[in-house]
Amino acid sequence: MPYLRALLLAALFLMGGCASGSPPKDWGKDVAAAHGANLFAPDLVRYLRYDFVVLKGDVKKAEFRHLLDRVTGDYRYEADAATFAGVPFLDEATSSWRPIGLDLPDGRLVALGNRRDRTGRVWIAGEEQPAELAERVRQRIDNDAWWLILPQALAAPNLRVRSDGPTTLEGHGEAIELNLTFEPGTGDTPGDVYRIFIDPGSLAVLRTEIDLQNRDVTVKANWSGEIVLSGVRFYLERQLPDRTLAIENQDLPATVAEGVFSDPGVGMSDGAP
């Protein structure tokens with residue numbers, strides 16, 4: 001599975017409001033605003049909970065559970081260790097994605113840490129693991145979050161968004177094609193190039209096509225299953241040719257369980273209303 005990037009995710013942890021305009025002039029800001037970015041600031045939405053799921057047909061092949069504190073940068077991440085070990089990650093020596101390359105024991109993986117200072121600890125079946133595994137978890141968190149909050153992130157200052165004008169998108173009809181590139185040094189794969197196809201009326205995301213950095217690969221995904229939580233628009237499914245990337249159990253909880261970011265034994269919903 002081609003994993004896309006670690007954006008810095010300023011939009012996820014630090015993003016403030018975006019002003020909308022009509023007619024659109026700044027496409028990044030306008031699409032972000034249409035997806036509720038002004039309601040997604042950390043002081044309004046502190047906690048973000050979701051599961052990132054990979055489906056092949058109706059079969060669930062992988063599930064990665066996330067809980068994020070967007071004010072402090074704390075995270076909790078849970079997954080099956082064997083599934084996690086099979087996920088491709090960035091090899092900094094070659095700037096390409098490949099299997100994690102770590103021999104992990106079987107069992108439930110739990111990771112706790114902070115994205116801002118890049119600290120973290122990882123346990124599998126209750127046993128603490130080598131420190132380098134925490135960086136692999138960070139890459140996983142960034143990848144999953146990027147798929148989730150791409151529309152809101154389009155106003156981030158380290159992104160370059162331009163309109164390539166109207167086009168006809170198969171299966172959808174008329175669409176606006178946006179071209180997204182990254183400032184040098186942004187995230188793990190700043191050479192990725194995105195084409196984002198937007199509904200001209202609602203500014204909904206219809207499709208993404210990503211040319212991966214240093215690889216002759218284009219990842220195409222149709223977006224669907226729009227939901228609205230606290231005024232913020234999200235999408236539940238991204239359909240790729242060979243699999244579906246789905247979001248499950250998404251929530252913007254007002255509170256979380258005590259110790260959920262410090263105690264690996266505390267479940268994500270323990271004690272939460």
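I looked up aspartate 69 and found that, at 3% relative accessibility, aspartate 69 counts as buried (under 20% relative accessible area; exposed is over 50%, partly exposed in between; 1.4 Å probe, protein chains only). The residue is found in strand E2 (residues 59-69). Helices (H or I, at least four residues) and strands (E, at least two) are DSSP runs, numbered from the N terminus. The side chain of aspartate 69 makes a polar contact with the side chain of arginine 46 at 2.9 Å. A polar contact is a pair of N or O atoms within 3.5 Å; within protein, one must be able to donate a hydrogen and the other to accept it, and residues adjacent in sequence count only if both atoms are side-chain atoms.

I noted that this is a predicted model, in which local features need pLDDT of at least 70, side-chain atom pairs count only at pLDDT 80 or more, and totals for chains, interfaces and linings use all residues. Residues are numbered from 1 along each chain as its sequence is written, and side-chain values use heavy atoms, with hydrogens and water left out.

Next I turned to salt bridges (a side-chain nitrogen of Lys or Arg within 4 Å of a carboxyl oxygen of Asp or Glu); the count comes to 20. Arginine 65 and glutamate 78 meet in one of them, at 3.1 Å, N to O. This pair links distant parts of the chain, with arginine 65 in strand E2 and glutamate 78 in strand E3 (residues 74-80), 13 residues apart. Arginine 65 is partly exposed at 21% relative accessibility, whereas glutamate 78 is buried, with a relative accessible area of 7%. I also checked glutamate 209 and arginine 207, whose side chains meet at 3.0 Å, N to O; both residues are buried. Salt bridges that share partners join Arg49, Asp51, Arg65, Arg76, Glu78 and Arg108 into one network.

I then examined the helices. In H4 (residues 133-153), 19 of the 21 residues are buried, so H4 is largely enclosed by the rest of the structure. For H2 (residues 27-34), 6 of the 8 residues are buried: Trp27, Gly28, Asp30, Val31, Ala32 and Ala33. Their cover, by contact (heavy atoms within 4.5 Å), includes H4, strand E9 (159-169), strand E10 (173-182) and strand E11 (193-198). At the start of H2, a side-chain oxygen of aspartate 26 reaches to within 3.2 Å of the backbone nitrogen of glycine 28. Just after H2, I recorded a positive phi of about 80° at glycine 36.
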